[in-house]
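Subject: Structure handover

Hello,

Here is the structure I promised you. Please open it first, then read my notes below.

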Amino acid sequence: MPAGKPEPAHGESSSGGAVPGRGRASRGGGRGRPRPSWARMLRPSGRERASGAVPAAREAGPYPTPAQAFDALYAYCAPALVRQAYLLTGRRDLAHESVERAFQRAWDHWPEVARDPDPPGWVRAAAHDWALSPWHRFRRRYRHPEPPPPEDDDRTLRDALLSLPPPYRRTLVLYDGVGLDLPETAAETEASTRAAAGRLMYAREVLAERLPELADPEELHVRLAELASTGRTRAAEPAAVRGGSERRARLWTRTAAAVTAVLIGSTAMTLHTAPTHYVPPVPPGETVRGVPPRVAQGPLSDEQRELRDRLRKALLDGHERLTPLAR
């Protein structure tokens, strides 16, 4: 910024000027380390930011290839997105993973991203969604806390940020960190403008209770950038991100082909072994009641023997005929 030109105040739109980047070292009594510009830490910086357009790829000609356009978008947005994701998660490895997964998804949907009015916003929303996914708590690598920042005030600020609910934390980072206005913040967090304003005020109150100097919004902007700049923030190479996306796409394609082959095989086996006509089921048997059980025949008594002999003789001689009486 030229000398003597006043810096614009916070609250301008995302296409306006950068928020002042003075640190505590410039006011005296600081920690004695140089403070980078806030806009350079959490927003894509430089001349391209003023126009809101992604810089064109070098030596790409009038019509860059998809890979060249993707590499330009990655170089433009990835470092700032890593710092934003670190503010949301408090973990450097998860921040890098979130940015890589967001750009891998962008490469998978590159025609959609290339036609989007705001490609950096598309990737930012994907990175924030992955960083704040609740499923990370079940992963073994994220069960143990990461080493805190070396400075006491940075540790306090990080703990205060992580104590906020994820929607409140995301609203604070987008508004006071990235510099979006309130309607844009509400749209990206899928909330109404009134709800986003309430989340922002609550998050600021929580941070001001632990660090009273952060009641000043300008100081909060600077401190968020300082916290995001601690530690390693180097992103991966764009070629590696594109290669990872393509490998994942090939893996999913092979998996889908294998599952389809299994389904076709099982369907063919079912059609081959299935009956070709309807076979009615056999009705279940019913118990007949009232019939005495069959028992074995025992020895006959004298009376039964006599009756048996008489019946046998009657069968041979026949019964006497009865003649009706005429009346």
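Start with helix α7 (residues 152-163) and helix α11 (residues 217-228). Their axes come within 10 Å and cross at roughly 100 degrees. Axes here are lines fitted to C-alpha atoms, for helices over the stretch in contact, and angles run from 0 to 180 degrees between N-to-C directions. The two helices are therefore roughly perpendicular to each other. The cut-offs: under 35 degrees is roughly parallel, over 145 roughly antiparallel, 65 to 115 roughly perpendicular, and the rest oblique.

From α7, the contact uses D153, D154, L157, R158 and L161; from α11, R223, L224 and L227. Contact means heavy atoms within 4.5 Å. By class there are four nonpolar, no polar and four charged residues. Ala, Val, Leu, Ile, Met, Phe, Trp, Tyr, Cys and Pro count as nonpolar, Asp, Glu, Lys and Arg as charged, and the others, Gly among them, as polar.

A word on the source. This is a predicted model, in which local features need pLDDT of at least 70 and side-chain atom pairs count only at pLDDT 80 or more, while totals for chains, interfaces and linings use all residues. Residues are numbered from 1 along each chain as its sequence is written, and side-chain values use heavy atoms, with hydrogens and water left out.

R158 is buried, with a relative accessible area of 10%. Buried means under 20% relative accessible area, exposed over 50%, and partly exposed in between (1.4 Å probe, protein chains only). Leaving aside residues up to four places away in sequence, R158 touches Y86, G90, E146, P147, P148, P149 and L227.

Now the whole protein. There are 13 helices and zero strands. Both are DSSP runs, numbered from the N terminus: helices are H or I with at least four residues, strands are E with at least two. Of the 327 residues, 35% are buried. Among contacts between residues at least 6 apart in sequence, 69% join residues at least 24 apart.

A67, F70, D71 and Y74 of α3 meet P238, V241 and R242 of α12. This contact divides into five nonpolar, no polar and two charged residues.

Is E97 buried or exposed? At 11% relative accessibility, E97 counts as buried. Its contacts, not counting residues up to four places away in sequence, are W130, H136, R139, R141 and Y142. E97 and A127 are 30 residues apart in sequence and 8.8 Å apart in space, C-alpha to C-alpha.

Helix α8 (residues 166-178) is mostly covered, with ten of its 13 residues buried. Among them are R169, R170 and D176. Just after α8, G179 takes a positive phi of about 95 degrees.

Last, a backbone point. E190 has a positive phi of about 55 degrees although it is not a glycine. Most residues other than glycine have a negative phi. E190 lies in the loop between α9 (182-188) and α10 (193-210). E190 is exposed, with a relative accessible area of 76%.

Best wishes
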